[in-house]
Number of protein chains: 2
Amino acid sequence: MENSYVLPGQEYSRDTSYIESRITRDGGDGWPVEPDRYRLVVARACPWANRTIIVRRLLGLEGAISLGMCGPTHDMRSWTFDLDEGEQDPVLGIHWLAEAYYRRVPGYLKGITVPAIVDVPTGAVVTNDFAQITLDLSGEWKDFHRDGAPDLYPEALREEMEPVMQRIYTEVNNGVYRCGFAGSQEAYDSAFERLFTALDWLEEHLSTRRYLMGETITEADVRLFTTLVRFDPVYHGHFKCNRNKLIEMPVLWAYARDLFTTPGFGDTVDFEQIKSHYYEVHTDVNPSGIVPAGPDLAGWLEPHGRESLGGRPWGDGTPPAPPLPAETVPQHATPLPGGVAPA
Amino acid sequence: MENSYVLPGQEYSRDTSYIESRITRDGGDGWPVEPDRYRLVVARACPWANRTIIVRRLLGLEGAISLGMCGPTHDMRSWTFDLDEGEQDPVLGIHWLAEAYYRRVPGYLKGITVPAIVDVPTGAVVTNDFAQITLDLSGEWKDFHRDGAPDLYPEALREEMEPVMQRIYTEVNNGVYRCGFAGSQEAYDSAFERLFTALDWLEEHLSTRRYLMGETITEADVRLFTTLVRFDPVYHGHFKCNRNKLIEMPVLWAYARDLFTTPGFGDTVDFEQIKSHYYEVHTDVNPSGIVPAGPDLAGWLEPHGRESLGGRPWGDGTPPAPPLPAETVPQHATPLPGGVAPA
């Protein structure tokens, strides 16, 4: 995603108006669930897109929904398929992701964001509503889940999950952006306070349970993970979220490492692209465009000790298979501990 | 100090041409050692000026050389006495430090830097040669040292100290600036490598001895301390020196805390002014001018355990008295552990 504005002296606000069509089993919006029809367009750098990469992998939807991958940097206009041969997405045949937006809404004026799901036959974006996309991958695409796919959004837990996910969204996922794009010292100071209040709560909350909702991984963990994994590499310095590094919060750091070494999480993370995106794209924050060489990331593979909290990470399911060779992050070409081995 | 340039794509270079007159016992340059005649002008924010504040305090020269204090921020033109009543230095009667430079060299075109020693009767800068100033406070001003002043620059050690101080200067004191003001990714990457190579060497070097030159505090420790104390608050994030925080290097971190709680070191440090200076003045690095709220500094007062290495911190001397009330950093108005109590 890159879809925001800040006015001088003001608090950062995220533009939350999206193309909200849904791909559903009944096709009520005109886009029925159908394998081999849609393409999920992401950028590994983007935390909101990272969610969808993880959920697609955990649910084993690789065979049903293909993956298009934008590069880590983009200009004012659009994310681009600059990593692909000829700088064109091989399926959609476009360079600018914006082209798929224009096919849906000619002259589309809002942010060209990832994740976006594109209807391949028409080449038009169906939805870029990131919060709904992962929930629909869980709920609407059930018939195409792999055997042993976990239930990331269990009916029985939804009421309890809602406020947790809401708090993670406003205070953490978006909270780091509120710090980084604050338009005044006052707005920043108050954003900083909100962010670390939420992180202190999570540090406490996760001290007695292995995952956010208890003993099993859910959508809520996916949403928290994508911010935590970016915390020390970018948010701590670039967004001035610097009361402390993640590694200074022992519970959250162990929780993040536990997920990182869980198949489907760490193997989707490309630290190089993450750093490149934030430090090169936000020239208003980092005019030089120079990407820091740190931090040392070796600690991510240290034992986390969270097994002692017990839990059934996959509930009644099983871990996902390694990523497809074409979707393997180069940094993870050698297996991570905990069986996170690419094919 | 603020005296530097960087060309696009190039390595940062410090302009090292100074007004190099010396105040000496024999008055060979025209400025003889004489109490109550000179004013040392500093800014607490500046690491090069911080050296002189520490050495003046350790040697007990407060009664012989008065202290003028510029505020943490300045514009393109000059440091200013904006903290003083009427924004004028009460002794020199000037607002811009530049005025004292112009009295010495009309139309002076180089950087208006701190530390600078001003001859009060003429109001003209005698020297801003920071490296020589502290050595002369030790060597030339001996007759005015307090009883029990340590020998920070012992004759017998000078040959051994020279390469250590040189390496600390080029690789560490200036090394962090080389990272922060690098004009290209290549220049930054190489600066980062040099900096952390030196810090790794120091981590090793200080693991078996309490101070850089052995069992007693010397000028070399003063020079290293002023960079270390700024590392996590500014250099780590603002200058992208982010392989790790200082607190992640156990030996250096304990060494820095040991000095911080030694009278004459921590009590000269004003973290608020330090952060304000770097984040507000370098708008080319931090266009918003927003000053980070972090890091949490509570750790500076944790026990450091370095006493177990033994040592005679003051040699044959004694610790300095608390700072003068007028020179007390507000943050240290309550005593630090280890007896670092202001009057």
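A polar contact is a pair of N or O atoms within 3.5 Å; within protein, one atom must be able to donate a hydrogen and the other to accept it. Keep that definition in mind for the first stop on this tour of a predicted model.

**Stop 1: A:Glu219 and its surroundings**

Select A:Glu219, which you will find in helix 7 (residues 219-238) of chain A. Now show A:Arg223 as well: the side chains of A:Glu219 and A:Arg223 make a polar contact of 2.7 Å, inside the 3.5 Å cut-off. Is A:Glu219 buried or exposed? With a relative accessible area of 0%, A:Glu219 is buried, because buried means under 20%.

Next, bring up the residues that A:Glu219 touches. Leaving aside neighbours within four places in sequence, A:Glu219 is in contact with A:Val55, A:Thr134, A:Leu135, A:Leu152, A:Met161 and A:Met165. Pick out A:Met161 from that list: A:Met161 and A:Glu219 are 58 residues apart in sequence, while their C-alpha atoms are 8.8 Å apart in space.

**Stop 2: helix 1 of chain A**

Stay in chain A and select residues 47-59, which form helix 1. Helix 1 of chain A has 13 residues and spans 19 Å from its first C-alpha to its last, close to the 18 Å expected at 1.5 Å a residue. How many residues of this helix are buried? The count is 13 of the 13, so helix 1 of chain A is largely enclosed by the rest of the structure. Step just past the end of the helix to A:Gly60, which takes a positive phi of about 70°.

Side chains of opposite charge can pair when their charged atoms come close.

**Stop 3: helix 7 of chain B**

Move to chain B and select helix 7, residues 219-238. Start with B:Arg223, which lies in this helix and counts as buried at 7% relative accessibility. Beyond residues up to four places away in sequence, B:Arg223 touches several others, among them B:Arg51, B:Ala131, B:Met165 and B:Asn173.

Then select B:Thr227, also in helix 7 of chain B. B:Thr227 counts as buried, at 2% relative accessibility. Which side chain does the side chain of B:Thr227 join in a polar contact of 2.8 Å? The partner is B:Asn173. Not counting residues up to four places away, B:Thr227 touches B:Val172, B:Asn173, B:Val176 and B:Tyr235.

**Stop 4: salt bridges within chain B**

The structure holds 32 salt bridges over all chains. Begin with B:Arg56 and B:Glu327, whose closest N and O atoms are 2.9 Å apart. This pair links distant parts of the chain, 271 residues apart: B:Arg56 is in helix 1 (residues 47-59) of chain B, and B:Glu327 is in the segment after helix 9 (271-281). Both B:Arg56 and B:Glu327 are buried.

Now select B:Arg194 and B:Glu171, a salt bridge with its closest N and O atoms 2.5 Å apart. B:Arg194 sits in helix 6 and B:Glu171 in helix 4 (residues 158-173) of chain B, 23 residues apart. B:Arg194 is partly exposed, with a relative accessible area of 31%, whereas B:Glu171 counts as buried at 14%.

For one further pair, show B:Arg243 and B:Asp200, which form a salt bridge of 2.8 Å between the closest N and O atoms. B:Arg243 is in the loop between helix 7 and helix 8 (250-260) of chain B, and B:Asp200 is in helix 6, 43 residues away. B:Asp200 counts as partly exposed, at 36% relative accessibility.

**Stop 5: where the two chains meet**

Finally, show both chains and look at the contact between them. The contact takes 29 residues from chain B and 29 residues from chain A. About 2,000 Å² is buried between the chains, and carbon and sulfur atoms give 55% of that area. In chain B, select B:Lys240, B:Asn242 and B:Ile290: these lose the most area to chain A, together 27% of what that side buries.

How many salt bridges does the rule find across this interface? There are two. To see a salt bridge between the chains, select B:Glu248 and A:Lys245, whose side chains meet at 2.7 Å, N to O. There are also 12 residue pairs in polar contact between chain B and chain A, counting pairs with both residues at pLDDT 80 or more. Helix 6 (residues 185-205) of chain B gives the largest share of the side that touches chain A, four residues. By class, that side of chain B has 12 nonpolar, 10 polar and seven charged residues.

Notes. Residues numbered from 1 in each chain as written. Chains lettered and ligands numbered in written order. Heavy atoms only, no water. Contact = heavy atoms within 4.5 Å. Buried area = accessible area lost by both parts, 1.4 Å probe. Salt bridge = Lys/Arg side-chain N within 4 Å of Asp/Glu carboxyl O. Helix = DSSP H or I, 4+ residues; strand = E, 2+ residues; numbered from the N terminus. Nonpolar A, V, L, I, M, F, W, Y, C, P; charged D, E, K, R; others polar. Expected span 1.5 Å × (residues − 1). Buried < 20%, exposed > 50% of the residue type's maximum accessible area, 1.4 Å probe, protein only.
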